[in-house]
Each structure stands twice: as C-alpha cells, then as structure tokens.
Amino acid sequence: SGTLTDGSLTVDAEKNAKVFIRLNGVSITCSNDAAIRINQADKVFLTLAAGTENTVTSGETYSAAALADKTDGAIFSHDDLTINGSGALTVTAAYKHGIAANDSLRIAGGTITVTAPSDTIHVNDSLHITGASLTLSAGDDALRSDTSIAILGGGITVNSCSEGIESPEILIEDGDITVTSTDHGINACGTETADGSLPGVTINGGTVIAEAANDAITTGDGGTITINGGDVTARGGVNNFGDN
C-alpha cells in the first residue's frame with residue numbers, strides 16, 4: 001500500500017518461485033522504467049484487494065537499461081503473470097504498452113482501466129481473460145498476443161484503437177465485448193504456419209459488438225471464422241481473406 005512517486009516495484013526471484021503481490025490501495029509512478037516489473041520468477045500473482053483503487057503510471061522515455069532489457073510496458077513481465085482479485089487498477093502508460101508480458105498473461109478478476117500510446121495489453125505468449133472488467137484505450141492494438149487469445153468471461157470495452165483484438169488464434173467463449181476500432185475490430189492475423197495451421201476466430205458464446213472502419217471480424221489469408229453461438233454484431237463486415 002502507499003505511494004511511490006518515482007520508482008519501480010521489482011520481482012527478481014528464483015526461476016521456480018511463485019510470488020504473490022497484493023495491491024492494497026497503491027500508487028506507483030516511474031518516470032523512466034516499468035512501474036511494476038518482473039525480472040524473474042516462475043509465476044507472479046498480482047492481486048487487487050477488494051474495495052481498493054490502485055494506479056500504475058509510466059513516463060514517456062525509458063532508461064538505457066530498461067530499453068536494453070526490452071522493457072515496453074508500465075507493467076512488464078519476463079515470466080508468467082496473473083492478475084486477479086476484485087479491486088480496481090488503472091494503468092496509464094506514456095511509453096509503448098500498458099501491460100506487457102513476454103510469457104503468458106491471465107486476467108481473472110478486477111476492474112482494470114488501461115490507456116497506452118501503443119498496445120494496452122501486449123503478450124508474446126497466450127492471453128486468457130476469464131472474469132475481469134476491462135476498459136481499454138489504445139493508440140494501436142487493444143489486446144495483442146503473438147500466439148493466442150482466449151476470452152472466457154468478463155466484460156471488455158475498447159473505446160479506441162487501431163486493431164481491437166489481434167492474434168493468430170482468437171477464441172471467445174463468453175463475456176460482453178464491445179470494440180470500436182479505426183481499422184479491424186477482431187483480427188486473426190498472420191498466414192499459414194510451419195505446421196500447416198491457419199489463423200482463425202472462433203465465437204462460441206457471449207455478446208460481441210465489433211464496429212470497425214475496415215473489417216469488424218477478419219483473418220489472414222485463408223483463415224477461418226467460426227460462429228457457433230452468442231450474440232454477434234459486426235459493423236464493418238466479416239472477411240476471412242484478410243485484405244484480399
């Protein structure tokens with residue numbers, strides 16, 4: 001708890017360590033690095049204490065050491081990160097991404113607001129959202145994963161972005177999702193991979209509203225869009241051949 005006006009909360013643990021951090025009404029600002037950074041651990045759990053408001057803010061320019069480490073988020077993790085709890089978290093990034101993880105990210109709870117000049121949430125591995133309330137304003141992508149995104153519940157409101165939800169594999173099982181985009185709303189990006197798999201969007205349930213200047217729901221060349229259930233509104237069209 002408390003206030004840190006210019007500094008970072010840093011996790012640097014053993015490779016097999018599981019680290020639990022409880023944010024209980026905290027305000028962390030860092031002018032030249034991630035305000036919360038995970039250098040090393042097996043898994044880190046960031047819990048938002050019930051009834052609390054927590055804020056994380058980063059500056060416009062990162063230090064040479066942070067850039068050498070490829071730090072690119074106000075909350076940044078080299079390893080697996082889980083955000084849970086029922087409290088509130090506001091992340092304001094002035095440099096690149098709001099929440100960035102090199103490994104997997106799971107968001108299981110909380111009321112989370114993220115604003116960033118690039119991606120609000122950027123993950124190199126898988127992204128799972130199971131029960132949070134997210135409000136996102138991005139200069140580029142709202143939700144971005146290099147491998148897969150699974151939305152299994154919760155509420156997601158994307159107020160502004162270029163690409164709303166972008167990943168080679170996107171699965172929506174449940175939740176209330178509204179995306180307003182200046183480019184694509186939901187985009188399974190990429191082309192055929194080495195194992196022959198194709199990018200795709202699968203919607204099995206939930207309420208999805210995607211409003212985009214280009215395609216509301218789209219895939220890369222030859223990808224698939226499968227809608228098995230849910231209430232889906234696509235303002236901007238559905239296109240399973242990318243830009244072709």
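Reader: Okay, and where does the model come from?

Author: This is a predicted model, where local features need pLDDT of at least 70 and side-chain atom pairs count only at pLDDT 80 or more, while totals for chains, interfaces and linings use all residues. Residues are numbered from 1 along each chain as its sequence is written, and side-chain values use heavy atoms, with hydrogens and water left out.

Reader: What sheet has β2 and β5 in its order?

Author: An open sheet of 10 strands, ordered β2-β5-β8-β11-β14-β17-β20-β23-β26-β29, with parallel pairing. Its edge strands are β2 (9-12) and β29 (238-239), and each of them pairs on one side only.

Reader: And what's the order of the sheet with β1 in it?

Author: That open sheet has 10 strands too, in the order β1-β4-β7-β10-β13-β16-β19-β22-β25-β28, and the pairing is parallel. β1 (2-4) and β28 (231-235) are at the edges with a single partner strand each, so one side of each has no neighbour in the sheet. From one strand to the next, the twist averages 5 degrees (axes are lines fitted to C-alpha atoms, for helices over the stretch in contact, with angles from 0 to 180 degrees between N-to-C directions).

Reader: How many bridges join β19 and β22?

Author: Four, between β19 (residues 155-160) and β22 (residues 176-181), again in the parallel sense. Glycine 155 has aspartate 176 of β22 as its bridge partner.

Reader: New topic: is alanine 116 buried or exposed?

Author: Buried, as its relative accessible area is 6%. Buried means under 20%, exposed over 50%, and partly exposed in between, using a 1.4 Å probe and protein chains only.

Reader: Where does alanine 116 sit, and what does it touch?

Author: Alanine 116 lies in β13 (residues 111-116). Leaving out residues up to four places away in sequence, its contacts include Ala93, His97 and Ser137, where contact means heavy atoms within 4.5 Å.

Reader: Which residues touch the most other members of the largest nonpolar core?

Author: Leu105, Ile121 and Leu143, out of 58 residues in that core. A nonpolar core is a set of buried Ala, Val, Leu, Ile, Met, Phe, Trp, Tyr and Cys residues joined through side-chain atoms within 4.5 Å. Not counting residues up to four places away in sequence, leucine 143 touches Ile121, Leu127 and Ile156, among others.

Reader: What about lysine 70, buried or exposed?

Author: Exposed, at 68% relative accessibility. Lysine 70 lies in the loop between α1 (64-68) and β8 (73-77), and its phi is positive, about 60 degrees, although it is not a glycine.

Reader: And where is lysine 96?

Author: Lysine 96 is in the loop between β10 (88-92) and β11 (97-101). Lysine 96 has a positive phi too, about 55 degrees, and is partly exposed at 39%.

How values were computed. Pairing = 2+ DSSP bridges. Helix = DSSP H or I, 4+ residues; strand = E, 2+ residues; numbered from the N terminus.
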